[in-house]
Amino acid sequence: AALKAHPEIPEEIKSGKFSTLHGWLRENIYRHGSKFTASEIVERAAGSALTIEPYIKYLKTKYGALYAL
């Protein structure tokens, strides 16, 4: 969700700048920590419940060619 809102975040991180990501986290995650459960915060920030699919996609992208998956 942070990348959808701010696609420049990966390039900023490469150059050692974390202010955009930190601002998004502060606004969408940190400030709600005591008001909502973890699941509720994820759903509010990402727009959907936490699922395993993005992590599986990441793993396949990262290790797929290496292990012929």
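Ser34 is placed in the loop between H3 and H4, where helices (H or I, at least four residues) and strands (E, at least two) are DSSP runs numbered from the N terminus. The structure is a predicted model, in which local features need pLDDT of at least 70 and side-chain atom pairs count only at pLDDT 80 or more, while totals for chains, interfaces and linings use all residues. Residues are numbered from 1 along each chain as its sequence is written, and side-chain values use heavy atoms, with hydrogens and water left out. The mean pLDDT (the predictor's confidence in each residue, from 0 to 100) of the protein is 92, and 100% of its residues reach 70 or more. Among the elements of the protein, the lowest mean pLDDT, 90, belongs to helix H4 (residues 38–46), and the highest, 97, to helix H2 (residues 9–14).

With a relative accessibility of 75%, Ser34 counts as exposed, on a scale where buried means under 20% relative accessible area, exposed over 50% and partly exposed in between (1.4 Å probe, protein chains only). The C-alpha atom of Ser34 is separated by 21 Å from that of Ala2, the two residues being 32 apart along the chain. His32 also lies in the loop between helix H3 (19–28) and H4, but at 9% relative accessibility His32 counts as buried. When residues up to four places away in sequence are not counted, His32 touches Glu27, Ile41 and Arg44, contact being defined as heavy atoms within 4.5 Å.

Within helix H3 is found Thr20, which counts as buried at 18% relative accessibility. Leaving aside neighbours within four places in sequence, Thr20 is in contact with His6, Glu8, Ile9 and Glu12. For one of these residues, His6, the C-alpha atom is separated by 7.6 Å from that of Thr20, at 14 residues along the chain.

The structure holds two aromatic pairs. In the pair formed by Tyr55 and Tyr58, the ring centres are 6.1 Å apart and the planes lie at 25 degrees, so the pair is stacked. Rings of Phe, Tyr and Trp (its six-membered ring) pair if their centres lie within 6.5 Å, and planes under 30 degrees apart count as stacked, over 60 as edge-to-face and the rest as tilted. Both Tyr55 and Tyr58 lie in helix H5 (residues 53–63), three residues apart, about one turn of the helix. Tyr55 counts as partly exposed at 48% relative accessibility, and Tyr58 counts as partly exposed at 42%. Tyr63 and Tyr67 form an aromatic pair that is tilted, with 6.2 Å from centre to centre and 45 degrees between the planes. Tyr63 is partly exposed, with a relative accessible area of 32%, whereas Tyr67 counts as exposed at 57%. Tyr67 lies in the segment after H5, and its C-alpha atom is separated by 33 Å from that of Ala5, 62 residues away along the chain.

The largest pocket has a volume of about 210 Å³ and is lined by Ala1, Lys4, Val42, Ala46, Ser48, Ala49, Leu50, Thr51 and Pro54. On a 1 Å grid over the protein atoms alone, a pocket is an open set of points where a 1.4 Å probe fits, with protein on both sides within 12 Å along at least five of seven lines, and lining residues have an atom within 4 Å of a point. Grid points are joined across faces, edges and corners, and the volume is the space filled by probe spheres set on the points. The lining divides into six nonpolar, two polar and one charged residue, with Ala, Val, Leu, Ile, Met, Phe, Trp, Tyr, Cys and Pro counted as nonpolar, Asp, Glu, Lys and Arg as charged, and the others, Gly among them, as polar.
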